Amino acid sequence: MSQAPNELNSKKAFFLTMEGLEGTGKSSVIFYIKDKVDKLGVSLKIFREPGSTLIGEQIRSILLDRKNEELSVYTELLLYLAARTQLIEEKLKAASSIVITSHQSPDGDAVGSSLSLYHYLKAKGKEVSVILPDASPKFLNWMNGVDVINIYESDSENCQQLIKNASIVFSLDYNDLKRVGEMGDLIAQGDAYKVMIDHHLHPGDFADWMYSDTNVCSTAQMIYEFITNLGDEQMIDTVMGQGMYVGLITDSGSFRFPSVDARTHEIAASLLRKGLIHSEIHENLFDVNTLDRLKMLGYSLSQKLKVLPNIPVAVIYLSKEELDQLDNKKGSTEGLVNYALSLEGVKMAALIKGDENKVKMSFRSKGDVPVNEFSGAHFSGGGHKNAAGGVSFDSFEKTIEKFEKVIYEFWNS
Ligand SMILES: [Mn+2]
C-alpha cells in the first residue's frame, strides 16, 4: 500500500474484523495492517472485546467456547458489558491521578456532570481534578465544588501539568477533541487512558473507553448510570446529585425536551429520595435575573425579534455594539433564543450575536428540524437535532446576509 485506497479516503470510518481460530496469526496480521495504515496517516483503533483484563479474557473464552453455542443474545450482550465494566473498574482502581475535562463555553450539563463525577471519585479516595477550557458561567457559581475547577485559559501551565501526569482523562459532554481547544492536542498526545462519556451525535474515535448514547437527554444522566453500573448507586449523595440535577434540567429545558424519558424522571426521583432539594436548585438557576439581563431581554424582544417572511423561523440579531451598550455580562443572553422559539407556529429560532472577532450563533428547533445539520453545513457548528451552536468569522453583517440566504435553502430543500 503506497497510498490510501479510495475506500479509506472516502469513508468516514469502517470496521475490519479478524476472524480465525486461536493461534492462526490474527494478531500478527492486525499489527501488520496497523503499521501500514499508520504510515498513510489514517487513524486505526484496535479493539479486543471482550478482553484486556483477566476477567475479560475469561469472559472471552466463554464466548468463544463452542460448547456455549446456546448462549442467548441477551446473555452475550451482558457478557460484553460486564467485560467493559470490569475494564473501567480496574483502570479506576489503578489510577493514581484523574483529570475530568469538559467542553468550551461550558453549560450546566458540562459543569454539572464534571462536578458530580468529581465528587464521586473524591469519595472513592481518588486524586482528581476538573479542567475546563474556559471559565464556567456565572449562573453556576453557587454549585458545590465550582471553586476547585481549573481553567485552562487562565492557568494553562498548571493544567498542562495535570493532564501530563494523569493516568485517566475523562471527556464529559463532548465527543471531539476540537471542542476543548488547545487542550485537545495535549489530551490526544498524552499517555493517559481516555474515557469519553457523552450524548452528542457522531462521536469521534479518540477515546480508549467510550460510553456514548445519543438518545439520552444529558451527560449528567449518564454519570448517574455510570456510577450505578460500577455498583455504587448507594454512594450517590446530594452533593453528587446537585451536579446531576443541574445537568438534567439545564440540558432538558426542565424536563420538557423530547429526549427526556421515563429513566430521566426515575433518576430525578431517586435523587429526591436521597434528600436533594430540587426547588433550591431551580431558584439558584432561574431566579437570578439581574436588571441588566431583564433589560436586555426586554430590548431584544421588543426591538430585535422578527419572524422571517414565508418560513416559520424567528431570529434575534444582536451586534457587539448593542451588547456592549446593554452592559452585557457573559451568559446574560443565555436562554434568549428559547423566547423566539416559543412564538406560536415557529419551528426554528436563531440568536446571532457579535463577539470579539467572531459571530456566535445559537439555534433551536421543534420536532423534526435538524438544526445541528444546518449549523454543521454552514457555520462549522454542531450539537443536537433541536439545539445547536455555530460560529462565523465573517463580519456581523455578512454573517446575517449568509444566514438569511442559507436558511431559505435549508427550509425549502
Ligand atoms: Mn450535554
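1. Let's start in the middle of things. Strand S1 is covered on both faces: Ile98, Ile100 and Ser102 are buried on one side, and Val99 and Thr101 are buried on the other. Five of the five residues of S1 are buried, so the strand is largely enclosed by the rest of the structure. Keep in mind as you read that this is a predicted model.

2. Now for the sheet that S1 belongs to. It is an open sheet of six strands with parallel pairing, in the order S3-S2-S1-S4-S5-S6. Strand S3 (150-151) and strand S6 (209-212) are the edge strands, and each pairs on one side only. S1 (residues 98-102) pairs with S2 (residues 128-132) in the parallel sense, over four bridges. If you want to find this pairing on screen, look for isoleucine 98 opposite valine 128 in S2, and for isoleucine 100 opposite valine 130, also in S2.

3. H8 lies across strand S4 (168-172), strand S5 (193-198) and S6, and it runs at about 120° to S5. H8 (residues 219-229) also has a helix partner, H9 (residues 238-251): their axes come within 7 Å and cross at roughly 140°. That angle makes H8 oblique to H9. On the H8 side, Thr219, Ala220, Gln221, Ile223 and Tyr224 meet Gly243, Met244, Gly247 and Leu248 of H9. The residues of this contact divide into five nonpolar, four polar and no charged.

4. What about the nonpolar core? The largest one has 61 residues, and those with the most contacts inside it are Val99, Ile100, Phe170, Ile197, Ile223 and Tyr245. Helix H5 (residues 108-123) gives the most to this core, with seven residues. As a general rule, nonpolar side chains tend to be buried together in soluble globular proteins.

5. On to the other sheet. This open sheet also has six strands, but with mixed pairing, in the order S7-S8-S9-S10-S12-S11. Strand S7 (305-307) and strand S11 (382-383) stand at the edges with a single partner strand each, so one side of each is left without a neighbour in the sheet. S7 and S8 (residues 313-318) run antiparallel and are joined by three bridges. Helix H12 (residues 291-304) lies across S7 and S8, at about 120° to S8.

6. Most residues other than glycine have a negative phi. Histidine 202, though, has a positive phi, near 55°. Asparagine 357 is not a glycine either, and its phi is positive too, about 55°. Where do they sit? Histidine 202 is in the loop between S5 and S6, while asparagine 357 is in the loop between strand S9 (348-355) and strand S10 (358-365). With 13 other C-beta atoms within 10 Å, histidine 202 is partly exposed; asparagine 357, with 7, is exposed.

Key: Residues numbered from 1 in each chain as written. Predicted model: local features only at pLDDT ≥ 70, side-chain atom pairs only at ≥ 80, totals over all residues. Pairing = 2+ DSSP bridges. Helix = DSSP H or I, 4+ residues; strand = E, 2+ residues; numbered from the N terminus. Contact = placed C-beta atoms within 7 Å. Axes fitted to C-alpha atoms, helices over the stretch in contact; angles between N-to-C directions. Parallel < 35°, antiparallel > 145°, perpendicular 65-115°, else oblique. Nonpolar A, V, L, I, M, F, W, Y, C, P; charged D, E, K, R; others polar. Core = buried A, V, L, I, M, F, W, Y, C linked by C-beta atoms within 7 Å. Buried ≥ 20, exposed ≤ 12 C-beta atoms within 10 Å, placed from the backbone.
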